[in-house]
Structure formats: C-alpha cells, structure tokens
Amino acid sequence: MAKMWQGRFKKELDSKVNDFNSSISFDSRMYKDDIIGSIVHVNMLGKQGIIPLKDSKAIAKELTRILDDIESGKVQFAPDAEDIHMFIEAELTERLGDVGKRLHTARSRNDQVAVDLRMYLKGEIDTIIGLIKKLIAVLVEKAEENLHTVMPGYTHLQRAQPITFAHHLMAYVEMFKRDMVRFFNCFSLMNECPLGSGALATTTYPIDRDYTAEYLGFDNAMLNSLDGVSDRDYCMELANAIAICMVHMSRLSEEVVLWCSWEFKFIELDDAYSTGSSIMPQKKNPDICELIRGKTGRTIGNLTTLLSMMKSLPLAYNKDMQEDKEAIFDSVDTIKLCLSTLAPMLDTMKVNKDKMLEAGKRGFINATDCADYLVKKGMPFRDAYKITGTLVALCIDKDTVLDSLPIEEYKKLSPLFDSDVYEAISLKTCVEGRNAVGGPAPERVKQHIQKIKDTVLKEENEKD
C-alpha cells in the first residue's frame, strides 16, 4: 500500500521497517472512532468553506459506507497498512479520487490519533464502569444473604475479632466504589478535544474547534495545541485506575482461594467456575481467582510502560507514543475480562455459614470483648487486657475456649467477673455490639447496603 506521505522520499520504505513502524495490527480497533472523527471534521471543513460543501457531503457519505462495509466484513484491514488512519483515508481516496484527498485538510495524524484514542477510551470507560456496577450488585446481594453470618475477621492472617461475612464483602464494595470514582474522574479529565491542534501548532485555515468538540461529544477544545498532541496523561490515569481496580480484584481473589481451600472451607465455588487436575481426581481448583491475581501483574506492568514511555519525551509528538496503545488496550481488555468473569463466579458460590461460625468460636476472637467487659465494670483497660490474656493462655493449656471456661476460673483473676460474662462474650453479642458507623453489626451493614443501593446501584434498580 502506497504511503500517503511518500512525496518527500525517493526510496520505498524497507519492508522490515514498514512492519516495525506499522500499528494497524492493534489500532484497527479504533476504526469506528476514526471514521466518526473524520465525518465531523469534514463536515466542519464544509461548513467553514474550507473545502466545497458538496465535497464534504460526498466524503461524509462515503465514510459512512466504509464504516458499514468494515462492520459487515466487506472491507478487510490491509496488514501492510501503516495504521488505521492511513488505511481509511486510502480506502476513501480509492473510492472518491481527488475528492477523497481533501479529507485531511487542516488536520494532522497527530491530532487525529489523539482524538481517536480519547473517543475510544471514553467508550471503554463506560463499559468498565458498567461491569464494576454489576460486580458491586453481586457483592451487595451476597451481603444481604449473610447479614448474620458470623465469621472471624483477620489481621496478619490471624483470627482477630468477630465480624460478619456481609461486613467483609461490603469492604470490597467500598473499594470498587472508589474505583468507579477514579474511572469517572479519568473520563472527565480526558473529555477535552485535541482535534484542530494539527501537528503541533494548529493551522492557518479558519477551522471551528468548538464545533468539532461539541459534535464529537467533548466538553471543550483543548486550549494548547502542543499539549493537545503530546498529552497522554489520560492513558496513564486510565492505566492507573485499571491497575488499582485489578489490585482490589486480586485481593478478593486471594481470599476466595483461601476460603475455598480444605483448611478454611468457608465457601465452595460452582463447578462451572472451577477446574480440575490432570492427575489428581479430587481437585477443584480456583483457577479464575489465580488468573486474576496473575493478570493484575500485567496491568501494573502496562502502567509502568506508559509512565516510562512518557517520562523523558520533549514536546510535542514523538513516535515513542505509538507504544501507548498496546499497553492501554491490553489493560482495558484484561480488566473487562476479569470483571465479567469474577461477578458470576461470586454470584454462584456457596457460603458455608457453619464453617465460618465454627472458625469464629475457635480463635479467641471475643478476647477483646472479655477485656471490655471488665472495663465497663470500672477496671483500667491495660489491667483488663492483661487478665484476659492470662485467661486465653489458660484456655490454651486446657484446650478449651473462653465461652466454656468455668466461672470459677474467671473469678480467680477478678471478682468483677460474674455469670453475665458468657452473654457478653458470645459471638452474637460481640458482633451486634459493634454498632458504630462502619461496624459489623447487622443493622449497620444493612444501612450500608441500602446506601449503596440508593447511590451506586440506583440506575440498575430503576431499570429492574
């Protein structure tokens, strides 16, 4: 395929250099954005009298046909094309001749690439936000089903204090809610139109940048043409938002891996979301979770790629920036795949409530409440802490738990103990008593769930 820029050159581009330089293998996914951007651009050219109005209408009409032909499979991308932008312009010129050659008036590939990528990524952000909402909806539903499912909360992966499974799941809801804010912010920051920036210094033609910005769905035109073609903050910010969201999914996945092991057995994954072993017939592996953990690393790597790519670039455009697409496209594809797989896996998992309660009873997770019992009767906390620690050590020696230790053993350490201590340290009391804002008490978690329904999931609830 002849290069649109070949007039300056006396030699054909070496085939290996062409392959090295080409980006159509990965930027072809932006074909629709490129065509829409070109249609708006050429409409503006006609409106401004920069090219004849009849030519702008003919070009816009033929671009629409090219879009239809690509989507129907009638037109295939040429593998030797330099990029999607040159491919579409070449296809247009082949169909319209000299009229098609007017399309690129008052435009550079630099601002063309920049507007295409922003348009494409804005659409992907909308998709990602929708998938996060679906994941949050699943977590909220599971939380509602487990408002009273007592389990041990952990620090240092050691049993610490009693919580509920609902409370634990809602912690991830908060993480994913913050992720949504990051994606919304990223969308807002990238919602400025670089088209009209030209190669770096706009153009001498009387273009209307406000027109193109409005009709392409942007808030406004970018105010500096150098920044318009050289900015890739939005790629880095999106990659960062994706990496953080993937880290949250990875943390949840790690817990699911633990929870479905024989050592925990808190949950059981549905057969449709598990795999087996080629040699061990008893195995049921949480491969989805393990893959999410692994894929998180590649999104972190993509973020590092983008940051490293941009860190030393002078203004304005540099070819290094072609590397932005493979990195950000891979991150986008990865998070979409992980979100769309994780949600149904969690939706179909079975919760073993009895196993969670049993683990709670064996971990002295009511020790803090035992100390608080003494504090509420007037003892300084540090003294209560020491006495309770002594009781835990005694239980370990006797292979028992605080709930089963005879009251006589309690009274040996403090006369403040009475038979009401057993009610005070029951797991049910421990959980329900933690009724501060953000606590695991069922009523508090229920309020938290309702708040998420009324805000994050409001649109989904209205659709239902």
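## Strand hairpin

Helices (H or I, at least four residues) and strands (E, at least two) are taken as DSSP runs and numbered from the N terminus. On that numbering, H156 sits in the loop between strand 1 and strand 2. The model is a predicted one.

Strand 1 covers residues 150-155 and strand 2 covers residues 158-164; the two run antiparallel and are joined by six bridges. Within this pairing, M151 is opposite I163 of strand 2. The strands form a hairpin with two residues between them. H156, in the turn, has a positive phi of about 55 degrees, although this residue is not a glycine. H156 counts as exposed because its relative accessibility is 77%, and the cut-off for exposed is over 50%.

## Nonpolar cores

In soluble globular proteins, nonpolar side chains tend to be buried together. The largest nonpolar core in this model has 78 residues. L121, I136, F176, F183, M249, I267 and L346 are the residues with the most contacts inside this core. At least two core residues come from each of helix 6 (109-145), helix 7 (165-190), helix 10 (233-259), helix 11, helix 12, helix 13 (353-361) and helix 19 (442-454). Helix 10 gives the largest share, 15 residues.

Leaving aside residues up to four places away in sequence, I136 touches V173, F176, K177, M180, I452, V456 and L457.

L200, L226 and L315 form a nonpolar patch on the surface, and together they have about 270 Å² of accessible area. L315 belongs to the loop between helix 11 (287-310) and helix 12 (323-348). L315 is classed as exposed because its relative accessible area is 62%, above the 50% cut-off.

The peptide bond from L315 to A316 is cis, with omega near 5 degrees. A316 is also placed in the loop between helix 11 and helix 12. Elsewhere, T202 has a positive phi of about 60 degrees although it is not a glycine. T202 lies in the loop between strand 3 (192-193) and helix 8 (209-215), and counts as partly exposed at 37% relative accessibility.

## Salt bridges

The whole structure contains 28 salt bridges. One of them joins R434 to D369, with the closest N and O atoms 2.8 Å apart. This pair links distant parts of the chain, 65 residues apart: R434 is in the loop between helix 18 (427-433) and helix 19, while D369 is in helix 14 (residues 367-375). Both partners are buried, R434 at 17% relative accessibility and D369 at 11%.

The side chains of K54 and D55 also meet in a salt bridge, at 3.3 Å from N to O. Here K54 is exposed, with a relative accessible area of 62%, whereas D55 is buried at 5%.

A further salt bridge brings together the side chains of E409 and K412, at 3.5 Å from N to O. These two residues are separated by about one helical turn because they are three residues apart in helix 16 (residues 407-413). E409 is buried, with a relative accessible area of 18%, but K412 is exposed at 63% relative accessibility.

Note on methods. Residues numbered from 1 in each chain as written. Predicted model: local features only at pLDDT ≥ 70, side-chain atom pairs only at ≥ 80, totals over all residues. Heavy atoms only, no water. Pairing = 2+ DSSP bridges. Patch = residues over 30% accessible without salt bridge, like charges linked within 9 Å, V, L, I, M, F, W, Y side chains within 5 Å. Areas by Shrake-Rupley, 256 points an atom, 1.4 Å probe, with all protein chains shown as cover. Salt bridge = Lys/Arg side-chain N within 4 Å of Asp/Glu carboxyl O. Buried < 20%, exposed > 50% of the residue type's maximum accessible area, 1.4 Å probe, protein only. Core = buried A, V, L, I, M, F, W, Y, C linked by side-chain atoms within 4.5 Å. Contact = heavy atoms within 4.5 Å.
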